Protein chains: 2
Amino acid sequence: MGPKRCAVASEESLMRIFTVPEAPGSTLSKIEQEISHNLAGFLNENIAAVEKPLHEIEKDFQSASIPEEPTFVSDYAQDIMEQLVAHSVHTASPSFIGHMTSALPHFLLPLSKLMVGLNQNLVKIETSKAFTPLERQVLGMMHHLTYGQSETFYQKWMHSAKNALGAFCSGGTVANITALWIARNRLLKADGDFKGISSQGMFAAMMHYGYKGLAVLVSERGHYSLGKAADVLGIGRDNFIAIGTDKNNKVDMVAMREKALELESQGIKVMAIVGVAGTTETGNIDPLNDMAQLCEELNCHFHVDAAWGGATLLSNTYRHLLSGIEKADSVTIDAHKQMYVPMGAGIVLFKDPAATDVIEHHAEYILRKGSKDLGSHTLEGSRPGMAMLVHACLQVIGRKGYEMLIDQSIEKAQYFADLITKQEDFELISQPELCLLTYRYVPKAIKGALEHADEQEKLDIYAALNRLTASMQKRQRETGRSFVSRTRLTPEQYDNQPTVVFRVVLANPLTSYQMLNDILEEQREMAQHDPIMKKYLSKYL
Amino acid sequence: MGPKRCAVASEESLMRIFTVPEAPGSTLSKIEQEISHNLAGFLNENIAAVEKPLHEIEKDFQSASIPEEPTFVSDYAQDIMEQLVAHSVHTASPSFIGHMTSALPHFLLPLSKLMVGLNQNLVKIETSKAFTPLERQVLGMMHHLTYGQSETFYQKWMHSAKNALGAFCSGGTVANITALWIARNRLLKADGDFKGISSQGMFAAMMHYGYKGLAVLVSERGHYSLGKAADVLGIGRDNFIAIGTDKNNKVDMVAMREKALELESQGIKVMAIVGVAGTTETGNIDPLNDMAQLCEELNCHFHVDAAWGGATLLSNTYRHLLSGIEKADSVTIDAHKQMYVPMGAGIVLFKDPAATDVIEHHAEYILRKGSKDLGSHTLEGSRPGMAMLVHACLQVIGRKGYEMLIDQSIEKAQYFADLITKQEDFELISQPELCLLTYRYVPKAIKGALEHADEQEKLDIYAALNRLTASMQKRQRETGRSFVSRTRLTPEQYDNQPTVVFRVVLANPLTSYQMLNDILEEQREMAQHDPIMKKYLSKYL
């Protein structure tokens with residue numbers, strides 16, 4: 001981006017940006033007013049519908065030199081409207097049903113501005129004051145939602161200096177890492193002369209405890225952040241063992257138990273088992289009660305990654321689907337997914353308020369012992385006051401409000417699943433358990449051809465359908481009217497072969513049933529003109 | 001917090017929060033307008049001057065039950081003004097010179113709102129589009145600022161799918177962890193049958209390479225996040241070895257070299273050396289050139305934690321103070337410190353664009369190989385578009401604007417240091433190298449008494465002065481007119497005994513010289529009435 005006019009760096013103009021607010025008629029103020037008065041309209045009008053190729057967009061972001069001279073705010077605002085906003089993604093669009101971002105409640109916009117204006121740092125009381133008890137309350141509320149302990153329990157622990165019922169994180173990845181960090185440090189704790197893994201490290205810990213290795217078991221549908229956690233924590237990705245799933249994408253408990261016993265018989269300690277409560281790809285929930293039982297037998301940490309599905313606990317209609325989550329030692333829930341909070345609000349909860357003892361840390365100038373500084377048991381240090389936005393949503397939407405939203409989303413997914421099933425030329429791949437499902441486009445003639453195909457023909461058709469699905473998904477995104485994502489599964493009906501599918505998440509309250517009909521229409525239309533269709537599949541039609 | 005009136009959860013009211021903006025006359029809109037028109041006034045008027053005790057504030061955040069029924073936004077807005085905003089911390093106040101948060105440029109407020117409204121997720125192109133090249137450009141600019149490579153270099157690497165010149169992080173802690181994660185994985189890389197620590201974990205890595213241990217060396221003034229990194233990464237806090245500093249709080253290179261050689265002779269591999277460029281407690285910069293030299297000799301990773309001081313590179317007047325930083329393999333810089341960006345903008349830079357190869361990861365539904373998704377080499381997953389705010393500041397303030405701000409801050413610190421030195425009853429403890437200094441209140445009579453005191457008397461006076469400093473700092477904070485922080489150092493003039501000191505950071509452009517005079521006056525006045533003064537020190541007066 002290049003400034004159109006050169007402002008001049010002077011002390012006076014510099015002071016102005018810290019003291020004089022944007023004038024009401026300025027470009028940036030006008031943009032802000034549009035956002036305030038009609039966010040959906042602003043996004044619809046300013047985000048270009050048709051996708052510009054990435055290499056074209058990159059041309060506006062080529063210079064690696066920081067400009068010497070300042071730019072006028074109005075010029076900058078103009079530039080980013082054209083070069084950035086126009087080519088951003090309309091994540092709030094009701095036809096954008098491919099990922100976990102959704103529309104935001106409007107009251108969060110002014111509140112976000114308040115949050116930024118206050119610029120609190122939650123690492124310590126001295127820079128956050130009332131935000132600290134607020135964050136502790138939000139953690140208490142989410143803990144109560146998950147574990148349902150008594151009022152006495154929360155009165156005792158919620159604001160306790162020595163304890164934490166959870167930790168706010170930038171997202172689910174840091175939440176999962178934090179949970180497994182605690183699991184690791186609790187397993188390899190101080191013992192006799194050994195001062196614990198926190199002090200002496202993994203190598204000394206393994207020598208002391210005499211384990212031949214550590215392992216973490218999780219469904220093959222586990223989120224990729226768990227692999228990252230295994231890497232970062234020194235466990236190793238190969239020791240993060242993926243267990244197969246049944247046809248409903250739930251972990252196979254027989255296989256998991258067998259694997260666990262096999263590992264333990266080899267001297268490899270199962271450090272933790274991770275249950276997935278809402279897999280990223282199919283939205284299914286592992287058998288949490290059975291997993292809790294196995295963890296108890298193995299005496300290992302039970303973590304539930306409910307980053308996406310955790311919000312379902314807010315619905316009394318559907319929270320039974322997560323039964324067993326209350327037995328988990330730790331639980332990840334992302335408020336920026338189904339809780340409608342903007343990006344950057346991950347939460348990890350700990351059943352035992354003393355769980356964080358093994359990761360507690362202090363410093364001379366902050367986080368002094370006995371202080372209530374939140375930073376003494378978070379992986380991150382300085383952090384913004386995102387907890388306020390979660391707090392606001394819990395109050396303004398209320399549990400019943402969330403219940404309505406969640407129930408609607410699940411029912412919408414059921415509707416869409418039925419709709420897909422009724423089409424001759426579509427195929428539902430995974431049934432929605434929550435509001436996430438997968439499907440693909442398969443013309444009736446191809447379905448017929450598959451029934452009579454020999455082994456090689458089948459594989460050829462599978463390959464062509466995969467290419468077709470990927471091609472359609474890409475083109476639909478580029479066309480810009482709607483967006484579904486795609487992933488690769490290994491469903492039974494495709495002989496467990498790698499199968500590319502469309503993936504939709506129906507959490508946006510503004511997505512109408514009509515839009516779902518339209519999306520199928522659009523895809524059907526697109527398929528007719530897809531070059532992959534013509535090249536590889538027309539012979540079967 | 002309790003709602004005053006109960007709203008009713010209905011489908012209609014729920015849809016309204018997603019579709020109908022806040023009415024211009026609503027409580028929340030009025031709050032927002034105040035913030036827009038006069039942020040400083042809003043903060044001054046709404047944040048209570050006199051501190052309310054934490055246990056009093058906690059009373060408003062007691063319930064662990066999520067309210068069943070929704071609350072009206074206007075009621076909620078009213079509540080948080082009284083219960084949260086009133087008891088937050090005025091981090092932007094020019095007399096709040098105790099921490100690294102400062103005033104924000106006004107244009108960042110509407111831009112933050114735009115960022116939230118767009119709600120992009122930087123983990124992948126599909127949910128961030130133009131924000132991805134923008135973030136890559138910001139990383140390129142910061143890389144160029146630090147390493148000053150050629151234009152060809154940036155044209156080649158800045159937007160390369162396989163590479164990353166750095167990573168945006170929620171803060172300096174994640175930045176430091178990322179840097180040391182890379183250092184660890186590069187050291188313990190795949191080799192023959194061994195697939196690398198990323199795959200096989202720390203224990204297998206140590207067995208393969210035959211090291212007896214790993215160590216990281218850093219000055220005793222290193223940030224506490226480095227200890228956390230050592231813990232998380234499985235290295236162990238005890239193997240994070242603190243090296244003493246000279247009287248200027250710079251690491252003692254003789255001691256560091258000796259320690260490194262001693263460790264290596266014991267079969268303990270020095271994995272990394274961390275240079276501090278702006279220590280959190282005293283603001284001093286380690287001898288980076290000498291450290292780079294030692295790292296080369298040891299063939300180990302050189303990381304520079306310039307979370308706070310890195311912005312000094314923007315000043316041609318003072319960037320020479322960080323000479324040698326361009327030799328670092330990785331550098332942490334927090335834009336939310338001296339770059340005046342709101343909380344949540346950490347950056348880690350890598351000299352070698354291929355550095356992230358050892359932490360690269362992929363998944364089926366995103367971060368596919370060959371994609372330019374930023375999430376394939378960040379520790380975090382989903383992340384907001386904070387890079388936009390850094391981008392905006394770099395353009396609107398410009399390098400020269402930053403230079404003015406940084407030069408002014410450093411000169412202000414020099415002024416304050418001189419002012420303190422001139423006072424009979426204050427004592428400068430650490431000279432400012434950047435805009436951070438430490439000092440304490442020591443009445444002239446006590447200075448005199450110390451000259452003639454025997455060993456025991458000295459220790460008694462030291463202890464009393466420590467208590468006095470802590471007491472004064474606490475009371476000044478509670479009084480609410482101004483704020484300095486405190487830490488504990490071991491300065492020569494106090495026989496290297498633990499010494500509690502006031503710590504000030506002078507990065508707020510609105511802090512005037514007069515305010516610095518006033519702060520000393522306030523402290524002098526406070527000291528007269530301090531109970532510690534009366535109880536333990538009056539006999540010397």
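1. A salt bridge here is a side-chain nitrogen of Lys or Arg within 4 Å of a carboxyl oxygen of Asp or Glu. The model is predicted, and the contacts below should be read with that in mind.

2. By that rule, B:Lys372 and A:Glu58 form a salt bridge through their side chains, with an N to O distance of 2.8 Å. The rule finds 16 salt bridges across the interface of chain B and chain A.

3. Polar contacts between chain B and chain A amount to 82 residue pairs, both residues being at pLDDT 80 or more. The side of chain B that touches chain A is made up of 83 nonpolar, 54 polar and 32 charged residues.

4. As for extent, 169 residues of chain B and 169 residues of chain A take part in the contact. About 15,100 Å² is buried between the two chains, with 64% of it on carbon and sulfur atoms.

5. Chain B contains an open sheet of 7 strands with mixed pairing, in the order β1-β7-β6-β5-β4-β2-β3. The edges are taken by β1 (166-169) and β3 (240-243) of chain B; each has a single partner strand, so one side of each lacks a neighbour in the sheet. On average, neighbouring strands are turned by 20° against each other, direction ignored.

6. Within the sheet, β2 (residues 213-219) and β4 (residues 268-276) of chain B run parallel and are joined by 6 bridges. B:Val216 has B:Ala272 in β4(B) as its bridge partner.

7. Helix α9 (residues 172-187) of chain B lies across β1, β2, β3, β4, β5 (301-305), β6 (330-334) and β7 (346-350) of that chain. Helix α9 runs at about 150° to β4(B).

Terms used. Residues are numbered from 1 along each chain as its sequence is written. Chains are lettered from A and ligands numbered from 1 in the order in which they are written. This is a predicted model: local features need pLDDT of at least 70, side-chain atom pairs count only at pLDDT 80 or more; totals for chains, interfaces and linings use all residues. Side-chain values use heavy atoms; hydrogens and water are left out. Two strands pair if DSSP finds at least two bridges between them. Helices (H or I, at least four residues) and strands (E, at least two) are DSSP runs, numbered from the N terminus. Axes are lines fitted to C-alpha atoms, for helices over the stretch in contact, and angles run from 0 to 180 degrees between N-to-C directions. Contact means heavy atoms within 4.5 Å. Buried area is the accessible area (1.4 Å probe) that two parts lose on being put together, summed over both. A polar contact is a pair of N or O atoms within 3.5 Å; within protein, one must be able to donate a hydrogen and the other to accept it, and residues adjacent in sequence count only if both atoms are side-chain atoms. Ala, Val, Leu, Ile, Met, Phe, Trp, Tyr, Cys and Pro count as nonpolar, Asp, Glu, Lys and Arg as charged, and the others, Gly among them, as polar.
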